[in-house]
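Colleague: Could you take me through the aromatic pairs of this structure? I am new to it and would welcome a careful look at this one part.

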Amino acid sequence: MSADTPITDGRDPASIVTEMIDHVLGLAVTWTAWDGRPLHAGERSYTPHKAIRRVTDHLIDHLAELEARLAGERTIPDRWHASASTTPGDLAPFTSHDLDEAVSRLTRLGRIWAARLNALTPDQLDRSPGEGWTFRQIAFHLAESTYYADAVGDLTTRIDDQP
């Protein structure tokens, strides 16, 4: 197992993914207070839209991988620019309408992931077809998507901390 292989435990993989989404959306409710300045984490910058985009893209990318492998097909290589790029759309104000859209989008993706993972047997989760991490490992890897939301953080506490 390589150093970047996700560590798993006895938790339900579907719950791991939906709990990650709940965490992201729990922070996103504070993002309508964003002042328009990108927030920095390491060498990269993040905004509310960028965090939502990255979480969504990550869920879609690995869902496409899982489905292709189950169908016995080759996976499509990931060509996302990921968090290395900040688009003009990422810099737009994050409104209550954007929050509603994010909630709808991520909640639906969470339900798709939960249904798919719950339909798999323990053997399918741990001895997944094709190359790559097991489907259980992918679910635990997806939990790391909280990083993007955490990079933006809870903006109500940042606003409350301002003099």
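Modeller: What follows is a description of the aromatic pairs. This is a predicted model, in which local features need pLDDT of at least 70 and side-chain atom pairs count only at pLDDT 80 or more, while totals for chains, interfaces and linings use all residues. Residues are numbered from 1 along each chain as its sequence is written, and side-chain values use heavy atoms, with hydrogens and water left out.

A search of the whole structure finds 4 aromatic pairs, where rings of Phe, Tyr and Trp (its six-membered ring) pair if their centres lie within 6.5 Å, and planes under 30 degrees apart count as stacked, over 60 as edge-to-face and the rest as tilted. One of them joins tryptophan 31 and phenylalanine 94, whose planes stand at 70° with the ring centres 5.9 Å apart, so this pair is edge-to-face. Tryptophan 31 and phenylalanine 94 are both buried (under 20% relative accessible area, with a 1.4 Å probe and protein chains only).

Tyrosine 46 and tyrosine 148 make a tilted pair, with 6.0 Å from centre to centre and 50° between the planes. Because tyrosine 46 lies in strand β2 (residues 44–46) and tyrosine 148 in helix α6 (residues 146–152), the pair ties together parts that are 102 residues apart in sequence; strands (E, at least two residues) and helices (H or I, at least four) are DSSP runs, numbered from the N terminus. Tyrosine 46 is buried at 2% relative accessibility, and tyrosine 148 is buried with a relative accessible area of 13%. Together with Tyr147, Tyr46 and Tyr148 form one aromatic cluster.

Technical notes:
Buried < 20%, exposed > 50% of the residue type's maximum accessible area, 1.4 Å probe, protein only.
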